[in-house]
Amino acid sequence: MEGRRILEDLSFGVERGETLVLLGQSGSGKTTALRLINRTLDATSGRICIDGRDIRQLDPIELRRSIGYVIQDFGLLPHWTVEENVSLVPRLLGWEMDKRRRRARELLNQVGLDYQEVHQRRPYRLSGGQKQRVAVARALAAEPGLLLFDEPFGALDPVTRHEMQQQFLILRKQYNVASVFVTHDLLEALALATRIAVLDRGKLEAQVTPGEFITLRTPVARSFLDTLPSGLLDRCAD
Amino acid sequence: MDATVLRTLLNQVLSLTIEHIVLVAVSCGSAVVIGVAVGIASTRHAGMRRISVAVASVLQTIPSLALFGFLLPIPLIGGIGRHTAILCLILYSLLPILRNTIVGIAGVERPVREAAIAMGMTDRQLLRMVELPLAAPTILAGIRIALVTNIGTAVIAAIIGAGGLGVLIFRGVASVNTLEIMAGAIPAAVLALIADAGMSLLERRMARP
């Protein structure tokens, strides 16, 4: 698009084992920020570094294969089986069939699916929660150091969403991976973040720990806090 | 009717049917290669898409008999004979194949394409692993239309000396010989029906369960 700045003055860092949550309303530029990181979009100015290296010096294809990516609509390939979907990045990286199989089995079990039951299924035979588990397994397949999540659990029912969030915490610890997590769900942000960056129409409004968040007085942060049931905050403050 | 006359006619039907099949196979095969290739290129460049669809649409609107006529006086590619007929049949088959290739590839769902790119597929891998397999049923449907239409249009090729079953039909019309007309028309219709049934079977196989 000509002329309009989608993001401005946005700056953050994430270490291994940490999750930076980008919190903001629709249109605040959260997804754009993610797409800049894996170079499905290129920034007009500014700098993004992974392990100290400017990503503009990396080949975009190699870069994307080294970053796990999960989106709300799953994006599973409908004509491939679950196992093939999970093995996508290893296949692009040229892993041998045996190694890919072993890895797929291990991953599907790690995300809480029964390998024997689902590995030959096509995505249309999975529930929403199962699809998202497959998508998470796919993102982890080649053991990336960085994971990008674009509102991954937004379309799931509350119970499944909670399960997935717990699974996320376990996997984060297990893989010691850095993650950037986009959401507009404050409770999700509080549950998963090590830091929360609040975006207001493309600008960074605040960057705080979940504990500090409830003390924020900035407008977007306040409007998110207002969505919580009253009484909940008082309990958090204790 | 004399048995010898009948046998001669049968032999003629057989050899003209083979000629007809060759005309259709060569022209349709070429149209598939050109149509799918241009279709793929058109999904990569918006300018190319506008031009290719416009050209193919214009070609399609020219009545087939007139298209044969237009090509006749053109040096090198035109003239009397089989090659002119094949060229004409190719041009005539392009639109459905081209259009369905574009529509089929454009029809791949946005999250699927987005995820495939984000996972690190190159454009070629995206095409081979995602777009073409998912677009295959749509592309096949286009080929089916082109093929069945082509079998009918190839009848007219006889008028510029390209042979095929049209020879019998035109001769029958000229000499008011119903038997000859039928001897050309029935095999042409049967060919079209067989082609349609075959393609439909293939389409159903390719379509996702």
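A residue counts as buried when its relative accessible area is under 20%, as exposed when it is over 50%, and as partly exposed in between (1.4 Å probe, protein chains only). This is a predicted model, in which local features need pLDDT of at least 70 and side-chain atom pairs count only at pLDDT 80 or more, while totals for chains, interfaces and linings use all residues. Residues are numbered from 1 along each chain as its sequence is written, chains are lettered from A and ligands numbered from 1 in the order in which they are written, and side-chain values use heavy atoms, with hydrogens and water left out.

**Helix α2 of chain B**

- Helices (H or I, at least four residues) are DSSP runs numbered from the N terminus.
- B:Ser52, B:Ala56 and B:Leu59 are the buried residues of α2(B).
- These buried residues fall within an arc of 55° seen down the helix axis (from the directions of the C-beta atoms), so they line one face of α2(B).
- An α-helix has 3.6 residues a turn, so residues three or four places apart point the same way.
- The other side of α2(B) carries the exposed residues B:Arg50, B:Ile51, B:Val58 and B:Thr61.
- Cover for the buried residues of α2(B) includes α1 (3-44) and α4 (82-106) of chain B, by contact (heavy atoms within 4.5 Å).

**Surroundings of B:Gly166**

- B:Gly166 lies in helix α7 (residues 166-174) of chain B and is buried, with a relative accessible area of 0%.
- Beyond the neighbours within four places in sequence, B:Gly166 is in contact with B:His20, B:Val155 and B:Ala158.

**Domains of chain A**

- An automatic or database domain assignment gives domain 1 (1-45 + 53-66 + 146-238) and domain 2 (75-144) of chain A.
- The centres of these two domains, taken over C-alpha atoms, are separated by 25 Å.
- In the contact between them, 16 residues of domain 1 meet 17 residues of domain 2.
- The rule finds 1 salt bridge across this domain interface (a side-chain nitrogen of Lys or Arg within 4 Å of a carboxyl oxygen of Asp or Glu).

**Interface of chains A and B**

- Chain B gives 18 residues to the contact and chain A gives 22 residues.
- About 1800 Å² is buried between the chains, with 69% from carbon and sulfur atoms; this is the accessible area (1.4 Å probe) that the two parts lose on being put together, summed over both.
- Across this interface 1 salt bridge is found.
- The side chains of B:Arg110 and A:Asp73 meet in a salt bridge at 3.4 Å, N to O.

Technical notes: Helices (H or I, at least four residues) and strands (E, at least two) are DSSP runs, numbered from the N terminus.
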